[in-house]
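Please look over the sequence and the structure shown below before reading on.

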Amino acid sequence: MRLNELKDNPGSRKVRVRVGRGIGSGMGKQAGRGGKGQTARSGVRLGGFEGGQMPLHRRLPKRGFNKRNRKEFNEINLGRLQAAVDAKVIDAGKPVDAGVLLAAGLIRRTLDGVRLLGDGELKAKLALTVNHASAKAKAAVEQAGGSIALIEKKVLAADVAKREKTAAKRAKTAKPKASASED
């Protein structure tokens, strides 16, 4: 291959269509924008207007729920912890929390805490302090001889009272299940 034989992949460079350059170009006069009015101008456009018909974004149902002040957690798997211990980035003898993980480069920022997940295998005996841990992760850490300390969430007295009230209301309205011996 020589320098004069070098060329780009076909289709990687597209020639820009020059509009409004006379009738012979095929894109003259109104330059593909149709007639006059708002849609022919740059800037403001009618978003989603379908001529009085119910617009698509209003015909489709709303789905899901997004909590306004939900918490974002760093998720870390057991396999990554073991790899960090093997690489001597984390000292297995010292307690491991969000600050240690941040210093080791396993998480980028602390966010609202750390969630431990059970993917991978853990052989090192670690003393972990995290916000959440899956059942599989807890079992794996305890099997390796380590311990998990969960950071307690602050629960307001008003929230506890509200939960108790809701639980009582559900228990009151719950229908008793028919037993099989009543046939």
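How many salt bridges does the structure hold? The structure holds 3 salt bridges, a salt bridge being a side-chain nitrogen of Lys or Arg within 4 Å of a carboxyl oxygen of Asp or Glu. The model is a predicted one, in which local features need pLDDT of at least 70 and side-chain atom pairs count only at pLDDT 80 or more, while totals for chains, interfaces and linings use all residues. Residues are numbered from 1 along each chain as its sequence is written, and side-chain values use heavy atoms, with hydrogens and water left out.

**Salt bridges**

- D8 is paired with R13, and the closest N and O atoms of this salt bridge are 2.8 Å apart; D8 is partly exposed at 44% relative accessibility, whereas R13 is exposed at 70%. Here buried means under 20% relative accessible area, exposed over 50%, and partly exposed in between, with a 1.4 Å probe and protein chains only.
- E72 forms a salt bridge with R70, in which the closest N and O atoms are 2.9 Å apart; E72 is partly exposed with a relative accessible area of 37%, and R70 is exposed with 52%.
- E50 and R59 form a salt bridge whose closest N and O atoms are 3.5 Å apart; E50 is partly exposed at 30% relative accessible area, and R59 is likewise partly exposed, at 41%.

**Surface patches**

- Patches are made of residues with over 30% relative accessible area and no salt bridge, like charges being joined within 9 Å and nonpolar side chains (Val, Leu, Ile, Met, Phe, Trp, Tyr) within 5 Å; accessible areas come from the Shrake-Rupley method with a 1.4 Å probe, and for residues only the protein chains shown count as cover.
- A surface patch of positive charge gathers K67, K71, K153 and R163; Lys and Arg count as positive and Asp and Glu as negative, while His and the chain ends are not counted, and the place of a charge is taken as NZ of Lys, CZ of Arg, CG of Asp or CD of Glu.
- Helices (H or I, at least four residues) and strands (E, at least two) are DSSP runs, numbered from the N terminus.
- M1, L3 and L6 make a nonpolar surface patch of about 450 Å²; of these residues, L6 lies in the segment before α1 and is exposed, with a relative accessible area of 54%.

**Helix α4**

- Helix α4 spans residues 135-143, and A137, A140 and V141 are buried in it. Seen down the axis of α4, the buried residues fall within an arc of 95 degrees, so they line one face of the helix; the arc is that of the directions from the helix axis to the C-beta atoms.
- The face of α4 turned away from the buried side carries A135, E142 and Q143, which are exposed.

**Positive phi angles**

- Most residues other than glycine have a negative phi.
- K29 has a positive phi, near 50 degrees; K29 lies in the segment before α1 and counts as exposed, at 76% relative accessibility.
- L111 also has a positive phi, near 50 degrees; L111 is placed in the loop between α3 (98-104) and β2 (114-117), where L111 counts as partly exposed, at 40% relative accessibility.
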